[in-house]
Amino acid sequence: MSFIEVKNLQVSYGQTPVLKDLSVAFAPGKVTALIGPNGCGKSTLLKAIMGFLPVSSGQVLLGNREMEKIKRRELARQVAYLPQESHCPDYMTLGELIELAGYSRYSLVGGPSAKDRRLFGEALEIVGLKGMASRQVNALSGGQRQRAWIAMVLAQDTDIILMDEPVNHLDVKYQYAVLELVRSLSEEHGKTVILVLHDVNLTTAFADNVVMLNDGTLLASGPVSDVVNASNVGRTFDVEADIFDHAGRLVCLPRRSERTAVTA
Amino acid sequence: MRKAVPVFLAAMLILLCGFVANLSFGAGVWQFDAFFRAITQFDPTSYEQSVIVYQRMPRAMIAIYAGAMTAVSGMVLQGLIANPLAAPSTLGINAGAAFFVVAGALFFNLGLFAQGAAALAGGVCGFLTCFLVARLAGRVNDPRGLSLILSGALTSMFFAGLTSALLLADPGLRTQFLGWVSGNINHVYFERLGAFWWLGILCLTVLLAIVRPMTLIQLGPEKATSAGVNVRLIYVVALTATVIATASAVAVCGPIGFVGLVVPHMVRPLTGNHFARALPVSALFGASICLIADLIAREAFQPYVLHTGPLLDLLGGLLFVVIVKRFYLSNSVRAST
């Protein structure tokens, strides 16, 4: 199974470097969380992988091929991407949205095959929106809408899925529901998932591996149990935090410090 | 999605009724009998039948062509630019085409066919001007296409001003073009339709071939790219096709303003935003509206014959108020849909 690897990646917005000589490999079949403070380059890394941003130097590899040399349609059959903010035009139905996901497999005049249609049904079923294909996307609730976008990503039928903050704007219940879903994608369907998260506790609960970024550089990466410790979390987020083991799950509790209180 | 087929059939039916009504109603009376005989066994010596075949039929064909092209262009532009005010008339395409035709006629004494070519060049030039002005104003971070709409308004005013100046400068030109500049469906322009109809059909075919990638672009360029769409290529192809389709309609009968702006807003609630369903229905609606407007312009103010363009502007102006209220002055709509 092919996997994504980033080698000595430099990305700048204008003169400001955002990613500085970053090298990291994403394990196939696993859920990897990118975490770090605001503006550390998590989203930039995903966008650079997708080829949305000009890369100053370095490489993004899919298997052993350079990603920017792969045609868009071919790439879309291997890697799917969920942006941080998704907007659906008014009146578009869930069914129409899902059907668009298969674009890279359709010919110019052809539409979805029987296999595609089966896949679309499964995608809706997995996210718990079965039988809602004729509903308008913008009429769904916030949690349903986010699951609709995830269904679209699933319907693209790729081995690798990139998600930029998939649980933003969701309440605790849906955060857990969506991440549980992400987890099952890797465990039951063998997908490689790379996702940006804000929360250390969500990371330890749902990710296999974690990549910690600060100011465009890699601070630590590896399995959650090896990497998530007080020192790494402290350096990544610039806070003092205690890490507990609670029934086999790591829990991160940032300390209140006078310094934070004063500056805030 | 299930509604798509009935909506399409209903739109076909409306177009057919509009077509029959446009041809059969004249001089204040219905002439179904003459219409029926004109299409089954045409008798050139009959005055009524001659009027139907040589005057109303060409008018109707022009109305169908101009309405369909303008409405489809408006639909594509509103979708791709992500702004409910986008249309050939608001992005400088119409004004540019009109200016080039009038300037060509004044300075180079262009003939009918060359005027059509000038309209095409002018439409492209108008849109490019609009695009460049928007670039200068910094269209880098403009997801709702607002700077494009504003620079379109600017560009349109600029070209319309130049056109007026030329028309005022030359009384002969004024008589010849005053009607055309405001959008005039008239059988004397049928020759131009004969020269340009294939361009519109070609553009329509191209647009129908890329309905899916165009729909994906409505989800945002990054989402579309990640789904396998070559966004830049689709933008270029789609915008070129819309500009040429619109300009070819302007070449035939002058700028028909509000159809391109208003029809998409009527169609979308019925078919949704997927271009595969919205484009064919837009074409049918645009054609029907132009047919009916042409009929009203011709008959409602007897003995005066109004031009179709100004009549559409009147109707469109009213609908425009509704659009502005719906999209710009009311926040509740978004929440309730």
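Colleague: What does helix H6 of chain A lie across?

Modeller: Helix H6 (residues 172–189) of chain A lies across E3, E7 and E8 of chain A, running at about 155° to E8(A). Contact is when C-beta atoms, placed from the backbone, lie within 7 Å; axes are lines fitted to C-alpha atoms, for helices over the stretch in contact, with angles from 0 to 180 degrees between N-to-C directions. Helices (H or I, at least four residues) and strands (E, at least two) are DSSP runs numbered from the N terminus. Mind that this is a predicted model, where local features need pLDDT of at least 70 and side-chain atom pairs count only at pLDDT 80 or more, while totals for chains, interfaces and linings use all residues. Residues are numbered from 1 along each chain as its sequence is written, and chains are lettered from A and ligands numbered from 1 in the order in which they are written.

Colleague: OK, and what's the strand order in that sheet?

Modeller: E6-E7-E8-E3-E9-E10 in chain A, an open sheet with mixed pairing. Two strands pair if DSSP finds at least two bridges between them.

Colleague: Which strands stand at the edges?

Modeller: E6 (79–82) and E10 (217–223) of chain A; each has a single partner strand, so one side of each is left without a neighbour in the sheet. On average, neighbouring strands are turned by 15° against each other, direction ignored.

Colleague: How many bridges join E7 to E8 in chain A?

Modeller: Five, between residues 160–164 and 192–196, and the two strands run parallel. Leu162(A) stands opposite Ile194(A) there.

Colleague: Switching to chain B, how do H1 and H3 pack?

Modeller: H1(B) (residues 4–24) and H3(B) (residues 47–81) pack at about 145°, with axes 9 Å apart. H1(B) supplies Phe19(B), Asn22(B) and Leu23(B) to the contact, and H3(B) supplies Ile52(B), Arg56(B), Met57(B) and Ala60(B).

Methods
Two residues are in contact if their C-beta atoms, placed from the backbone, lie within 7 Å.
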